[in-house]
Amino acid sequence: MRGGNRFLAAAVLAIITAVALAQVVQNEYFFFASYVVLQFVVLATAWNILGGYAGYVNFGSGAFFAVGAYTAVALIKAIDAPLILQLVAAFVLSGLLGFGVGALTLRLRGIFFSIATVAVAVICETAVVNWRFVGGSRGLAILQPAAPLWFESYTRFLFVVMALIAVLAVALARYIQISWIGRGLRAIRDDEDAAECAGVPTLKLKLAAAALSGALMGVAGAPFPLYMSFIEPTSAFSLNYAVSALAMPIIGGTSSWVGPVIGAVLLASVQQIVTVTVSSELNVLVVGVLLVGFVVAAPEGLLGLTARLARRSGLARASIRTPGDDTGQHPRVAEAPTDAGRP
Amino acid sequence: MTPELLIEAVVAGILLGSFYAAVSIGLSVAFGLLDVPHIAHPAFLVLGAYGAYLLGRHGLDPLLAGALLTPLFFLGGVAVYRFYHAAFERRGSDPGLRGLAFFFGVAFIVEVGLILTFGVDQRLVEAPYIGKSLVLGGMRLPLRMLVPFAVALALTVALSLYLSRTFAGRAIKAVAQDRTALSLMGADPVRVKQWAFGIATATCALAGALLIILGPVEPGLGRLYIGRTFCVAVLAGLGSLPGTLAAGLILGVAESVVLTSFGASWAPAVAFGILLVVLAVRPAGLFGR
């Protein structure tokens, strides 16, 4: 339980730091950029619950993000709802969408599931483009409310809100990882049939993971319209969210909740710096190149890389074993279809 | 909708459908036969379209440009497969998550690379047959669609014949059925797969030329074609080339009918909608193995 206490302390410290920064730092751009970094922490953490723990690769993160954002827009336009209501509604609606995507895993595994998530994203985008009430393809301008008490600007307030969401998301991901749920999800990732046979409630776990993952992505997107003061489908459904949500955990390491956090903070910060100093297209390219580089060269991400380096320089120098090397010569039975159907 | 309008939509759909078969046939080989999670296929397609655009600017006919680019794309495909094999398949570890992420990243790099080189504007090509129409029984058939139809049909038929009639083609089918047995026969499955993946990529050069003949192209177009190509490949039944043609026609007609009755902004959802239904109801597709 010492780990738990330490985590709690760190979480509280993170929130206090965020509140303090909102009071102390003068530069408004700092909050503008930090908000994006925190938003990616939430997205990456949420993606990892389904993608990293359970092994179901979601290419449609942008859809969940946008559903959250557009839920907020619809509520603002319809009843001028307060932010907390927007967040809760985004959580619920994106969670439902996630539940639906989770139901797809009933029949679809591997690449088929991933393609289906692309399909969900495009269908959602088409629906929003054709939905006049929230601006359709032309978008909609949204007025930021006055800054709440204690805050100098609304962006600062949103920064603190996002910090809170990020801490909660990470805490949730950590809880899932260390509890029986995480063990079940890992069993699904390693061998779903074996897990099912061993009594793991695979369907329930997959549905829960997909719904929670989607809900958190929706919450990450909910403050987006207020943050930008503008919403339009192309930026809300941007492929950048889908790629980043997947690249950040893979770069950080998917096996633990720390990985997505490290990946998101590093990558999103680099992106912010490149956007400012070079160009916004190049920052997107950086993500793609890093993703491919890490997938090929360091499959376990930064976490695996540091662990390997530590092991190499550590005491057990003689007993280094690199797993998973050179097994290609053994034919894998599962790969070959057994029926010799004639063309 | 009037019957005339419906007939026109169906005819346009058939023309379009053959083109969809041509853009998906490479995927049918790479994904259907070789089990490579080739999400970057549509990105290569757009790359082919830009290749035709680039050569077209020097006065070359887009079809000729596409044909000239095929050897280059073939070599590129071989290189990509060798890399994929070395990085994922040979390690024997589960290539699932990482293989997908790899091709997703490659597709993303291609798209952003195109944006950085050409900008986000739409690009067109010029050719003598673009803009003219053939009037047949009171119906206007734009050559812009007829030419891709004819070339796509030829490409699809030629590739299915190649796979079923030639020795190399049958070797590709064999590696799809049972790679262990193939290696027991003394053939190297990796070389066969590399050859097949090269062919699959080479079709992108020609199909990409058709893509830019059919209409203007922009870097983000690949994402839309993820849905169309995978819809066709899955609906066909993985790896079935005659099925690819049938599935392409089904998608083309469905899209064209939706376009005439509901408007163009709903068209992108058609392919994905069909794909989801097929995946949910009959994942083996029409002509599944």
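The model is predicted, so local features need pLDDT of at least 70 and side-chain atom pairs count only at pLDDT 80 or more, while totals for chains, interfaces and linings use all residues. Residues are numbered from 1 along each chain as its sequence is written, and chains are lettered from A and ligands numbered from 1 in the order in which they are written.

Chain A contains 15 helices and two strands; helices (H or I, at least four residues) and strands (E, at least two) are DSSP runs, numbered from the N terminus. Its radius of gyration, 21 Å, is close to the 20 Å that the globule rule gives for 343 residues, so chain A is as compact as a globular protein of that length. Here the radius is taken over C-alpha atoms, and the rule is 2.2 Å times the number of residues to the power 0.38. The C-alpha trace of chain A spans about 65 × 55 × 40 Å along its principal axes. Of the 343 residues in chain A, 48% are buried (20 or more other C-beta atoms within 10 Å of the residue's own, with C-beta atoms placed from the backbone). Contacts (C-beta atoms, placed from the backbone, within 7 Å) with a separation of 6 or more in chain A come to 78% from residues 24 or more positions apart.

Chain B has 11 helices and two strands, arranged along the sequence as α-α-α-α-β-β-α-α-α-α-α-α-α. The radius of gyration of chain B is 19 Å, which agrees with the value near 19 Å for a compact globule of 289 residues. A box of roughly 60 × 45 × 35 Å, taken along the principal axes, holds the C-alpha atoms of chain B. Buried residues make up 53% of the 289 in chain B. Among contacts in chain B between residues at least 6 apart in sequence, 78% join residues at least 24 apart.

Turning to the interface, 43 residues of chain A are in contact with 43 residues of chain B. On the chain A side, helices H5 (110–129), H12 (239–252) and H14 (280–297) each supply at least two residues, and H5(A) gives the largest share, 12 residues. That side of chain A comprises 29 nonpolar, 10 polar and four charged residues; Ala, Val, Leu, Ile, Met, Phe, Trp, Tyr, Cys and Pro count as nonpolar, Asp, Glu, Lys and Arg as charged, and the others, Gly among them, as polar.

Within chain A, helix H3 (residues 61–79) packs on helix H9 (residues 202–221) at about 55 degrees, with axes 7 Å apart. Axes are lines fitted to C-alpha atoms, for helices over the stretch in contact, and angles run from 0 to 180 degrees between N-to-C directions. H3(A) is therefore oblique to H9(A), given that angles under 35 degrees count as roughly parallel, over 145 as roughly antiparallel, 65 to 115 as roughly perpendicular and the rest as oblique. The residues of this contact include A:Phe64 and A:Phe65 of H3(A) and A:Met217 of H9(A), and they divide into eight nonpolar, six polar and no charged.

By class, the contact of H12(A) with H13(A) has nine nonpolar, four polar and no charged residues.

Technical notes:
A residue is buried if 20 or more other C-beta atoms lie within 10 Å of its own, exposed if 12 or fewer, and partly exposed in between; C-beta atoms are placed from the backbone. Two residues are in contact if their C-beta atoms, placed from the backbone, lie within 7 Å.
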